[in-house]
Amino acid sequence: MTQLHPVAEPHTEGMLDVGDGNRIHWAECGNPAGKPAVFVHGGPGSGGWTSSRGFFDPERYRIILFDQRNCGRSTPHASDPATDLTHNTTEHLIADMERLREHLDVEQWLLFGGSWGSTLQLAYAERHPERVSEIVIAGVTTTRRREIDWLYNGVGRFFPAELERFRAGAGDVEGDTFDILAAYARLLADPDPEVRNKAARDWSTWEDAAVSLEPNGVPNSYSDRPSRDLLAMTRICAHYFSNAAWLEEGVLIREAHRLKGIPGKLIHGRFDISSPVETAWELTRVWPDAELIVIDDSGHTGSDAMRAAWRAALDEFAVRPARG
């Protein structure tokens, strides 16, 4: 197993009012005088990942964790169908991160995270490059429509029966992948708990299938989540992906030149079927300061070698001088 750093317990935490009736939970651990670093969780809607703390050296890093809108310990929670997700978009999350940075009086911070978290990191860093010291991404995604269509349609080439069941779970829907995802978004906000729970199970069963061929994957990595967290994550996922995360197609790769001067480590699994390494490769063509590290025994959910690469990248950046 990868030797991680001692897991630092939070010494400060709070709830930040970000407007629109939303409050996001944040916590700090590690060295208050250390290099600021923020963990940007995936999903969208998976909530802060407590085990991520072990990848940071608590003697060198000021570690900042937060739950994105409507998940984890943030309020109101998306598992409640009465919670309105209108004010939960990529633009809102970028603004939330900047508001949190200002609230914590951070001049510049390192970004670490993966999957959906990589999309949010890139979107934030391209908007506020002067506020980012380094970026470490585990499992690169940019949430382009073609990436979403691949995950919720194209991967069905490997799992045709499972894809058929996933599409059937959306009900009698005519249309493309995005119509299917929109139907799930409606089901996951249904006032009937049986309808919501079935939709969450159907969604997570497909996600489990999409990563099931990974050589070092974790079985049922999506569906084993507590029901409240699963309801929030699947609802927020459907909300974001049915709207292509409100991003202009290809904008994060097209605008990656804005990251010039920001060192990056893109750590991606060779066997990541759900999010193929192609996207990471495309990003490095535009962002020359990024190094692509392909892990040959890993998929989207990681492996011991991938976790070792995460720690090594963060250890390397821990001693790097601040960007001017």
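Two strands count as paired if DSSP finds at least two bridges between them, and strands are DSSP runs of E with at least two residues, just as helices are runs of H or I with at least four, each numbered from the N terminus. The model is predicted, so that local features need pLDDT of at least 70, side-chain atom pairs count only at pLDDT 80 or more, and totals for chains, interfaces and linings use all residues. Residues are numbered from 1 along each chain as its sequence is written, and side-chain values use heavy atoms, with hydrogens and water left out.

**Exercise 1.** State the strand order of the open sheet and find which strands are its edge strands.

*Solution.* Reading across the open sheet, the eight strands follow the order β1-β2-β4-β3-β5-β6-β7-β8, with mixed pairing. The edge strands are β1 (12-19) and β8, since each pairs on one side only.

**Exercise 2.** Describe how α5 packs against α7.

*Solution.* Helices α5 (residues 177-187) and α7 (residues 227-241) pack at about 140°, with axes 8 Å apart, where axes are lines fitted to C-alpha atoms, for helices over the stretch in contact, and angles run from 0 to 180 degrees between N-to-C directions. That makes α5 oblique to α7, because angles under 35 degrees count as roughly parallel, over 145 as roughly antiparallel, 65 to 115 as roughly perpendicular and the rest as oblique.
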